[in-house]
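Have a look at the model first, then read on.

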Amino acid sequence: MILIDGKKVAAELRAELKEEVAELKSKHNKVPGLTVILIGDLTPSQIYVRNKEKSANEVGLKSEVIQYPDSVEEKTVLEKIQELNSDETVSGILVQLPLPNHIDKQKVIEAIDPSKDVDGFHPMNVGNLSSGYESSIPCTPLGCYLLIKKFEPNLSGKKAVVVGRSNLNGKPMTQLLLKENCTVTITHSKTKDLKAECLEADIIVAAVGIPELVRGDWVKKDAIVIDVGINKTDKGIVGDVHFDEVSKNAKALTPVPGGVGPMTIACLLKNTIDCFKRSQI
Ligand code: NAP
(Lines give C-alpha, C1' and ligand atoms only; values in the text may rest on other atoms or scores of the structure.)
Protein backbone atom coordinates (compact mmCIF):
# COMPACT_ATOMS: atom_id res chain seq x y z
CA MET A 1 0.00 0.00 0.00
CA ILE A 2 1.21 3.47 -0.83
CA LEU A 3 0.68 6.20 1.72
CA ILE A 4 -0.42 9.39 -0.03
CA ASP A 5 1.60 11.98 1.85
CA GLY A 6 -0.56 15.11 1.95
CA LYS A 7 2.02 16.98 4.02
CA LYS A 8 4.65 16.49 1.31
CA VAL A 9 2.33 17.31 -1.61
CA ALA A 10 1.06 20.41 0.24
CA ALA A 11 4.65 21.57 0.90
CA GLU A 12 5.43 21.15 -2.84
CA LEU A 13 2.31 23.10 -3.75
CA ARG A 14 3.18 25.90 -1.30
CA ALA A 15 6.70 26.10 -2.80
CA GLU A 16 5.19 26.44 -6.31
CA LEU A 17 2.76 29.08 -5.06
CA LYS A 18 5.58 31.03 -3.40
CA GLU A 19 7.40 31.21 -6.74
CA GLU A 20 4.19 32.25 -8.46
CA VAL A 21 3.57 35.05 -5.95
CA ALA A 22 7.12 36.33 -6.49
CA GLU A 23 6.53 36.36 -10.28
CA LEU A 24 3.20 38.15 -9.88
CA LYS A 25 4.86 40.70 -7.63
CA SER A 26 7.52 41.51 -10.20
CA LYS A 27 4.94 41.65 -13.02
CA HIS A 28 2.17 43.65 -11.30
CA ASN A 29 4.08 45.29 -8.45
CA LYS A 30 1.50 43.94 -6.00
CA VAL A 31 0.72 40.65 -4.31
CA PRO A 32 -2.56 38.77 -3.81
CA GLY A 33 -4.28 39.54 -0.52
CA LEU A 34 -6.37 37.23 1.66
CA THR A 35 -8.72 38.60 4.32
CA VAL A 36 -10.25 36.24 6.86
CA ILE A 37 -13.18 37.28 9.05
CA LEU A 38 -13.26 35.41 12.35
CA ILE A 39 -16.30 35.74 14.58
CA GLY A 40 -16.28 34.64 18.22
CA ASP A 41 -13.63 32.78 20.13
CA LEU A 42 -14.19 29.16 19.11
CA THR A 43 -10.75 27.65 19.70
CA PRO A 44 -10.68 25.30 16.66
CA SER A 45 -11.61 28.22 14.38
CA GLN A 46 -8.87 30.35 15.92
CA ILE A 47 -6.32 27.60 15.34
CA TYR A 48 -7.42 27.16 11.68
CA VAL A 49 -7.27 30.90 11.11
CA ARG A 50 -3.83 31.19 12.71
CA ASN A 51 -2.56 28.36 10.47
CA LYS A 52 -4.10 29.99 7.40
CA GLU A 53 -2.43 33.31 8.23
CA LYS A 54 0.95 31.66 8.84
CA SER A 55 0.81 29.75 5.53
CA ALA A 56 -0.33 32.84 3.63
CA ASN A 57 2.61 34.82 4.98
CA GLU A 58 5.01 31.99 4.12
CA VAL A 59 4.12 32.08 0.43
CA GLY A 60 4.27 35.88 0.37
CA LEU A 61 0.57 36.75 0.27
CA LYS A 62 -0.73 39.84 2.03
CA SER A 63 -2.89 38.47 4.79
CA GLU A 64 -5.23 40.06 7.27
CA VAL A 65 -7.56 38.69 9.97
CA ILE A 66 -10.55 40.76 11.06
CA GLN A 67 -11.87 39.55 14.39
CA TYR A 68 -15.30 40.24 15.86
CA PRO A 69 -16.81 39.16 19.18
CA ASP A 70 -19.60 36.55 19.24
CA SER A 71 -22.12 39.33 19.81
CA VAL A 72 -21.34 41.18 16.56
CA GLU A 73 -24.41 42.18 14.56
CA GLU A 74 -25.02 40.54 11.19
CA LYS A 75 -25.28 44.01 9.63
CA THR A 76 -21.73 44.89 10.77
CA VAL A 77 -20.34 41.75 9.13
CA LEU A 78 -22.28 42.34 5.88
CA GLU A 79 -21.05 45.96 5.74
CA LYS A 80 -17.45 44.85 6.26
CA ILE A 81 -17.82 42.31 3.43
CA GLN A 82 -19.11 45.09 1.12
CA GLU A 83 -16.09 47.19 2.04
CA LEU A 84 -13.72 44.29 1.30
CA ASN A 85 -15.53 43.56 -2.00
CA SER A 86 -14.55 47.01 -3.26
CA ASP A 87 -11.02 46.99 -1.81
CA GLU A 88 -8.60 46.36 -4.68
CA THR A 89 -5.89 45.10 -2.34
CA VAL A 90 -8.14 42.22 -1.24
CA SER A 91 -8.14 39.30 -3.71
CA GLY A 92 -9.86 36.74 -1.48
CA ILE A 93 -12.38 36.92 1.37
CA LEU A 94 -13.09 34.05 3.72
CA VAL A 95 -15.56 34.09 6.59
CA GLN A 96 -14.55 31.35 8.99
CA LEU A 97 -17.43 28.96 9.72
CA PRO A 98 -19.28 28.08 11.90
CA LEU A 99 -21.02 31.38 12.67
CA PRO A 100 -23.01 32.30 15.78
CA ASN A 101 -26.71 31.36 15.46
CA HIS A 102 -27.94 34.95 15.05
CA ILE A 103 -25.94 35.37 11.83
CA ASP A 104 -27.44 33.94 8.64
CA LYS A 105 -24.66 31.86 7.04
CA GLN A 106 -26.19 31.90 3.56
CA LYS A 107 -26.62 35.71 3.63
CA VAL A 108 -22.95 36.07 4.54
CA ILE A 109 -21.82 33.66 1.81
CA GLU A 110 -23.93 35.44 -0.81
CA ALA A 111 -22.61 38.87 0.26
CA ILE A 112 -19.08 37.94 -0.82
CA ASP A 113 -18.20 39.00 -4.37
CA PRO A 114 -18.06 35.63 -6.24
CA SER A 115 -14.75 36.69 -7.79
CA LYS A 116 -13.27 36.94 -4.25
CA ASP A 117 -14.98 33.85 -2.86
CA VAL A 118 -11.90 31.75 -2.00
CA ASP A 119 -14.05 29.12 -0.26
CA GLY A 120 -16.08 28.49 -3.41
CA PHE A 121 -19.35 28.51 -1.44
CA HIS A 122 -21.14 31.33 -3.33
CA PRO A 123 -24.05 29.92 -5.39
CA MET A 124 -22.47 31.39 -8.53
CA ASN A 125 -19.29 29.39 -7.96
CA VAL A 126 -21.29 26.28 -7.02
CA GLY A 127 -23.24 26.64 -10.28
CA ASN A 128 -20.15 27.30 -12.35
CA LEU A 129 -18.43 24.21 -10.95
CA SER A 130 -21.41 21.99 -11.71
CA SER A 131 -21.69 23.49 -15.22
CA GLY A 132 -18.02 22.81 -15.86
CA TYR A 133 -17.06 26.51 -16.03
CA GLU A 134 -14.14 28.19 -14.32
CA SER A 135 -14.88 28.83 -10.63
CA SER A 136 -13.42 28.91 -7.15
CA ILE A 137 -13.52 25.33 -5.88
CA PRO A 138 -14.01 24.52 -2.18
CA CYS A 139 -10.55 23.98 -0.69
CA THR A 140 -10.93 20.50 0.85
CA PRO A 141 -12.35 18.72 -2.23
CA LEU A 142 -9.83 20.59 -4.39
CA GLY A 143 -7.09 19.23 -2.11
CA CYS A 144 -8.49 15.68 -2.42
CA TYR A 145 -8.67 16.06 -6.19
CA LEU A 146 -5.04 17.19 -6.44
CA LEU A 147 -3.91 14.26 -4.26
CA ILE A 148 -5.83 11.76 -6.42
CA LYS A 149 -4.47 13.30 -9.65
CA LYS A 150 -0.92 13.27 -8.31
CA PHE A 151 -1.23 9.56 -7.69
CA GLU A 152 -3.32 8.63 -10.74
CA PRO A 153 -3.22 11.27 -13.51
CA ASN A 154 -5.74 9.52 -15.78
CA LEU A 155 -9.06 9.01 -14.01
CA SER A 156 -11.17 8.55 -17.12
CA GLY A 157 -13.62 5.66 -16.79
CA LYS A 158 -12.78 4.94 -13.15
CA LYS A 159 -15.62 4.18 -10.77
CA ALA A 160 -15.64 6.62 -7.85
CA VAL A 161 -17.75 6.49 -4.71
CA VAL A 162 -18.09 9.66 -2.64
CA VAL A 163 -19.33 8.98 0.90
CA GLY A 164 -21.17 12.08 2.18
CA ARG A 165 -23.09 14.72 0.23
CA SER A 166 -22.28 17.95 2.08
CA ASN A 167 -22.02 21.22 0.17
CA LEU A 168 -18.56 21.60 1.70
CA ASN A 169 -17.11 18.25 0.62
CA GLY A 170 -19.21 15.53 -1.01
CA LYS A 171 -21.05 17.51 -3.68
CA PRO A 172 -18.08 19.51 -5.04
CA MET A 173 -15.95 16.34 -4.90
CA THR A 174 -18.52 14.60 -7.09
CA GLN A 175 -18.36 17.43 -9.64
CA LEU A 176 -14.56 17.31 -9.78
CA LEU A 177 -14.53 13.55 -10.36
CA LEU A 178 -17.27 13.82 -13.00
CA LYS A 179 -15.21 16.42 -14.83
CA GLU A 180 -12.41 13.83 -14.96
CA ASN A 181 -14.82 11.38 -16.62
CA CYS A 182 -15.21 9.14 -13.59
CA THR A 183 -18.49 7.32 -13.11
CA VAL A 184 -19.49 8.72 -9.75
CA THR A 185 -21.85 7.39 -7.09
CA ILE A 186 -22.64 9.82 -4.28
CA THR A 187 -23.76 8.14 -1.07
CA HIS A 188 -25.25 9.47 2.18
CA SER A 189 -26.97 8.46 5.41
CA LYS A 190 -29.96 6.96 3.55
CA THR A 191 -27.86 4.82 1.20
CA LYS A 192 -29.10 1.23 1.54
CA ASP A 193 -25.88 -0.76 1.28
CA LEU A 194 -22.83 1.45 1.63
CA LYS A 195 -20.43 -1.49 1.82
CA ALA A 196 -21.69 -2.85 -1.52
CA GLU A 197 -21.32 0.60 -3.13
CA CYS A 198 -17.76 1.01 -1.80
CA LEU A 199 -16.78 -2.46 -2.98
CA GLU A 200 -17.44 -1.34 -6.58
CA ALA A 201 -15.10 1.65 -6.32
CA ASP A 202 -11.70 2.30 -7.87
CA ILE A 203 -11.66 5.54 -5.88
CA ILE A 204 -13.35 6.18 -2.52
CA VAL A 205 -13.55 9.62 -0.96
CA ALA A 206 -14.95 9.47 2.59
CA ALA A 207 -16.29 12.75 4.02
CA VAL A 208 -18.77 11.71 6.66
CA GLY A 209 -17.67 12.58 10.19
CA ILE A 210 -18.08 9.04 11.57
CA PRO A 211 -14.84 7.59 12.99
CA GLU A 212 -13.50 4.62 10.99
CA LEU A 213 -16.79 4.03 9.14
CA VAL A 214 -15.12 2.58 6.01
CA ARG A 215 -13.79 -0.88 6.91
CA GLY A 216 -11.14 -3.09 5.33
CA ASP A 217 -13.65 -5.47 3.74
CA TRP A 218 -15.48 -2.53 2.06
CA VAL A 219 -12.52 -1.78 -0.17
CA LYS A 220 -11.47 -3.70 -3.22
CA LYS A 221 -7.82 -4.42 -3.91
CA ASP A 222 -6.20 -1.59 -5.87
CA ALA A 223 -8.64 1.10 -4.74
CA ILE A 224 -7.43 4.62 -3.99
CA VAL A 225 -8.93 5.79 -0.70
CA ILE A 226 -9.05 9.43 0.38
CA ASP A 227 -10.01 10.08 3.99
CA VAL A 228 -11.42 13.56 4.63
CA GLY A 229 -12.68 12.84 8.15
CA ILE A 230 -11.24 14.49 11.22
CA ASN A 231 -12.80 12.91 14.31
CA LYS A 232 -11.74 13.39 17.91
CA THR A 233 -11.93 10.06 19.76
CA ASP A 234 -10.48 8.51 22.92
CA LYS A 235 -7.67 7.16 20.70
CA GLY A 236 -6.92 10.66 19.41
CA ILE A 237 -7.76 12.08 15.97
CA VAL A 238 -8.97 9.45 13.48
CA GLY A 239 -10.47 9.63 10.01
CA ASP A 240 -13.66 8.24 8.48
CA VAL A 241 -11.64 5.25 7.23
CA HIS A 242 -10.35 2.40 9.39
CA PHE A 243 -6.69 3.01 8.60
CA ASP A 244 -5.19 -0.30 9.80
CA GLU A 245 -7.76 -2.47 8.02
CA VAL A 246 -7.99 -0.46 4.80
CA SER A 247 -4.22 -0.11 4.46
CA LYS A 248 -4.07 -3.93 4.08
CA ASN A 249 -6.34 -3.80 1.01
CA ALA A 250 -6.11 -0.47 -0.74
CA LYS A 251 -3.56 0.47 -3.39
CA ALA A 252 -3.18 3.93 -1.86
CA LEU A 253 -4.55 5.70 1.20
CA THR A 254 -4.29 9.11 2.84
CA PRO A 255 -3.41 9.16 6.55
CA VAL A 256 -5.22 11.23 9.19
CA PRO A 257 -3.62 13.52 10.18
CA GLY A 258 -1.18 14.40 7.40
CA GLY A 259 -3.38 13.59 4.39
CA VAL A 260 -6.15 15.89 3.22
CA GLY A 261 -5.80 18.45 6.06
CA PRO A 262 -2.55 20.11 4.90
CA MET A 263 -3.88 20.26 1.32
CA THR A 264 -6.93 22.25 2.44
CA ILE A 265 -4.87 25.25 3.56
CA ALA A 266 -2.52 25.04 0.57
CA CYS A 267 -5.59 25.10 -1.71
CA LEU A 268 -6.91 28.21 0.05
CA LEU A 269 -3.66 29.95 -0.89
CA LYS A 270 -4.00 28.63 -4.45
CA ASN A 271 -7.58 29.93 -4.66
CA THR A 272 -6.46 33.37 -3.43
CA ILE A 273 -3.76 33.53 -6.09
CA ASP A 274 -6.19 32.32 -8.78
CA CYS A 275 -8.72 35.03 -7.77
CA PHE A 276 -5.94 37.64 -8.04
CA LYS A 277 -4.88 36.37 -11.49
CA ARG A 278 -8.47 36.45 -12.79
CA SER A 279 -8.84 40.03 -11.49
CA GLN A 280 -5.75 41.15 -13.45
CA ILE A 281 -7.03 39.95 -16.84
P1 NAP B 1 -21.41 16.97 7.16
O2 NAP B 1 -21.81 18.28 6.61
O3 NAP B 1 -21.85 16.58 8.53
O4 NAP B 1 -21.90 15.84 6.13
C5 NAP B 1 -21.75 14.49 6.42
C6 NAP B 1 -22.30 13.68 5.30
O7 NAP B 1 -22.13 12.31 5.62
C8 NAP B 1 -23.80 13.89 5.04
O9 NAP B 1 -24.05 13.98 3.67
C10 NAP B 1 -24.45 12.65 5.64
O11 NAP B 1 -25.60 12.20 4.95
C12 NAP B 1 -23.35 11.62 5.40
N13 NAP B 1 -23.49 10.51 6.35
C14 NAP B 1 -23.77 10.55 7.66
N15 NAP B 1 -23.84 9.31 8.16
C16 NAP B 1 -23.62 8.46 7.13
C17 NAP B 1 -23.58 7.05 7.01
N18 NAP B 1 -23.77 6.24 8.05
N19 NAP B 1 -23.33 6.54 5.80
C20 NAP B 1 -23.12 7.33 4.72
N21 NAP B 1 -23.15 8.68 4.78
C22 NAP B 1 -23.39 9.24 5.97
O23 NAP B 1 -19.83 16.77 7.16
P24 NAP B 1 -18.66 17.51 6.34
O25 NAP B 1 -18.65 18.94 6.70
O26 NAP B 1 -18.69 17.13 4.90
O27 NAP B 1 -17.39 16.83 7.04
C28 NAP B 1 -17.14 15.44 6.95
C29 NAP B 1 -15.86 15.12 7.71
O30 NAP B 1 -14.77 15.80 7.11
C31 NAP B 1 -15.85 15.57 9.18
O32 NAP B 1 -15.13 14.60 9.93
C33 NAP B 1 -15.08 16.86 9.15
O34 NAP B 1 -14.43 17.14 10.38
C35 NAP B 1 -14.07 16.57 8.07
N36 NAP B 1 -13.50 17.75 7.39
C37 NAP B 1 -12.18 17.71 7.14
C38 NAP B 1 -11.57 18.76 6.47
C39 NAP B 1 -10.12 18.71 6.17
O40 NAP B 1 -9.51 19.72 5.89
N41 NAP B 1 -9.52 17.50 6.18
C42 NAP B 1 -12.34 19.85 6.06
C43 NAP B 1 -13.71 19.85 6.30
C44 NAP B 1 -14.28 18.77 6.96
P45 NAP B 1 -26.99 13.04 4.92
O46 NAP B 1 -26.77 14.14 3.91
O47 NAP B 1 -27.99 12.04 4.48
O48 NAP B 1 -27.20 13.56 6.31
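1. Cys-198 is buried, at a relative accessible area of 0% (buried means under 20%, exposed over 50%, partly exposed in between, with a 1.4 Å probe and protein chains only). Keep in mind that this is a predicted model, where local features need pLDDT of at least 70, side-chain atom pairs count only at pLDDT 80 or more, and totals for chains, interfaces and linings use all residues. Residues are numbered from 1 along each chain as its sequence is written, and side-chain values use heavy atoms, with hydrogens and water left out.

2. Cys-139 is buried too, at 6%. Its sulfur has that of Cys-267 as the closest cysteine sulfur, but 6.4 Å is too far for a bond. A disulfide needs a pair of cysteine sulfur atoms within 2.5 Å, and by that rule the count is zero. Cys-198 is in no disulfide either: the nearest cysteine sulfur, in Cys-144, is 15 Å away.

3. Now the ligand. It has 22 residues around it, with Arg-165, Ser-166, Asn-169, Ser-189 and Thr-264 the closest (a residue is near if one of its heavy atoms lies within 4 Å). Helix H10, residues 260–280, gives the largest share of this shell, three residues (helices are DSSP runs of H or I, at least four residues, numbered from the N terminus).

4. A ligand nitrogen is 3.4 Å from a polar backbone atom of His-188.

Definitions and conventions. Polar contact = N/O pair within 3.5 Å; in protein donor to acceptor, adjacent residues only side chain to side chain. Helix = DSSP H or I, 4+ residues; strand = E, 2+ residues; numbered from the N terminus.
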